[in-house]
Structures are given as structure tokens and as C-alpha cells.
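Dear colleague,

Please find below the structure that I am handing over to you, followed by an account of what was found in it.

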Amino acid sequence: MPGIYTGSYTVQPGDPLISGRLKITLRDNNGRTVSRETSSRFTLLSKPLTAVTYDNLGYLTYGTTGDRLGPVKMGYLDSAVALCVTGKINGYYKVKLSENHTAYITDVNVDILKDSSFTPLSPVISIKTGSDKKFDYVAMGLDKRLPYCSYQQPDSAQLVIDVFGAISSKSWMASLQNLREIKSIRFIQAEKDVFRCVLILQHAQC
């Protein structure tokens, strides 16, 4: 039965732990079946693990494969950012950023904690802004370091930062006094567990 097939299965409480290769069976409309074992081996985690970045060289990717330069990068992370690990493919950990977002990070850029009781959620405690002779600063207070990504809106002067797992039930206003390049700031609860900061800059970026 030539073709590319995709399937999913939800592990039930009474299922034995998967350890080894999975047997996949296809059945056509005439009742004929074809069975094959997967070439990859699988091990089922009993619970998610917690990984922590130990420097600022680790980066999230959208997948585990790519061109000669590797998978497409989502963005770099700072040190001590905690990640909820739900799986591993070759040398990449699969991490759950939020309810609707996942990413991957290489296993050489994180340490696995022995105590894996991490909950990837935090309230937004404070918002602070400031500047010096070189930079404008926007600081978000959280009770733990959460994963994030930033991207620039095409052909605009907007910089967007998504913090995964951050939750706020109030409307935040940031002081723009003494800021040089930031024209205005908007804070949005983009999803129930994704807090978004939109920086509107004075000038469009190249």
C-alpha cells in the first residue's frame, strides 16, 4: 500500500509501557492488511521531565531536520530558562511551550533536573521600563524563567515578544518616559497561556 500515512494513539492507563519498536498495521477497503515494525525505537516516559538552559547559547527550533545549516531556529534562550520536556528524537528534546505550541532544543544545551515537578506557568507580577545611553529596556517580572520567542513584523516597526506560560488578568500600562527608540508598548494575553508584548518602534527596522 504505497503512500505516506499519519496516525495517532492516546496511551490508556492500563497500557503497558512502550519500550522498543511499534507494530503498525494498515487495512484497505477490501480487508487486506499489511504490518510493519517501525525502524525507530520508542520509550514511553512515565511523566514529563524538566530541562534548564545553562547558558545563552541554546535555541529553540521548529523541528529536528532542515538544510545543511540545521533546523529552522525559533529563537535563542537566556540561561536558567525551565522547559517542560515531553519527548526526545535523536539529539533533540521536544518541549511543550504552552497548550498549543511545541518546539525542540538540542540535548547539549540543557540539563535535565532530578526533580521534574515543574509547572510551566507564572503570573505576570510586574512590568518595568528604562533606558540608558545605548538601549531601551522592558522588563517583565515572573516567578520563574519561562521560554519565549521574539520576531519582527514584516515591513513594520513592530517587535513582538511571546512569553509562553505567562498569565495576566489585568491590563498593563508601561511608562514611556525617557525611552528613546520605543514609541509605544502594548501587552496582550494572546492565548490563555501566552502573554505577548508588542513594541512599536520609532523607526522601521532593516
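**Findings**

Leu159 is partly exposed, with a relative accessible area of 29%; buried means under 20% relative accessible area, exposed over 50%, and partly exposed in between (1.4 Å probe, protein chains only). The model is a predicted one, in which local features need pLDDT of at least 70 and side-chain atom pairs count only at pLDDT 80 or more, while totals for chains, interfaces and linings use all residues. Residues are numbered from 1 along each chain as its sequence is written, and side-chain values use heavy atoms, with hydrogens and water left out.

Leu159 belongs to strand β16; helices (H or I, at least four residues) and strands (E, at least two) are DSSP runs, numbered from the N terminus. Leaving aside neighbours within four places in sequence, Leu159 is in contact (heavy atoms within 4.5 Å) with Tyr151, Gln152, Cys197, Val198 and Leu199. Leu159 and Leu45 are 114 residues apart along the chain, and 37 Å separates their C-alpha atoms.

**Pockets**

The pockets were found on a 1 Å grid over the protein atoms alone: a pocket is an open set of points, where a 1.4 Å probe fits, with protein on both sides within 12 Å along at least five of seven lines, and lining residues have an atom within 4 Å of a point. Grid points are joined across faces, edges and corners, and a volume is the space filled by probe spheres set on the points.

The largest pocket holds about 1100 Å³ of space. Its lining has 26 residues, and Ile18, Leu22, Phe42, Thr43 and Leu44 lie nearest the centre. Strands β2 (23-27), β4 (42-43) and β8 (82-89) each supply at least two residues of this lining, with β8 giving the largest share, four residues. By class, the lining of the largest pocket has 12 nonpolar, nine polar and five charged residues; Ala, Val, Leu, Ile, Met, Phe, Trp, Tyr, Cys and Pro count as nonpolar, Asp, Glu, Lys and Arg as charged, and the others, Gly among them, as polar.

The second largest pocket holds about 460 Å³. It is lined by 14 residues, of which Val138, Met140, Leu142, Tyr148 and Val163 lie nearest its centre. Here β14 (136-141), β16 (158-164) and β19 (194-201) each contribute at least two lining residues, and the largest share, three residues, comes from β14. The lining of the second largest pocket comprises 11 nonpolar, no polar and three charged residues.

**Strands and individual residues**

Strands β9 (residues 92-96) and β10 pair in the antiparallel sense over five bridges; two strands pair if DSSP finds at least two bridges between them. They form a hairpin with five residues between them, and Tyr93 stands opposite Ile105 in β10. Strand β10 (residues 102-106) is mostly covered, as four of its five residues are buried.

Ser122 lies in strand β12 (residues 122-123) and is buried, with a relative accessible area of 2%. The side chain of Ser122 makes a polar contact with that of Asp143 (2.7 Å); a polar contact is a pair of N or O atoms within 3.5 Å, where within protein one must be able to donate a hydrogen and the other to accept it, and residues adjacent in sequence count only if both atoms are side-chain atoms. Not counting residues up to four places away in sequence, Ser122 touches Leu142, Asp143, Lys144, Leu146, Gly165, Ala166 and Ile167.

Arg36, in strand β3 (residues 33-37), is exposed, with a relative accessible area of 59%. Beyond its neighbours within four places in sequence, Arg36 is in contact with Leu22, Lys23 and Ile24. Arg36 and Thr25 are 11 residues apart in sequence, with 6.6 Å between their C-alpha atoms.

**Backbone angles**

Most residues other than glycine have a negative phi. Ala80, which is not a glycine, has a positive phi of about 65°. Ala80 sits in the loop between β7 (73-76) and β8 and, at 39% relative accessibility, counts as partly exposed. Asn178 also has a positive phi, near 75°. Asn178 lies in the loop between β17 (166-167) and β18 (182-191) and counts as exposed at 58% relative accessibility.

With kind regards
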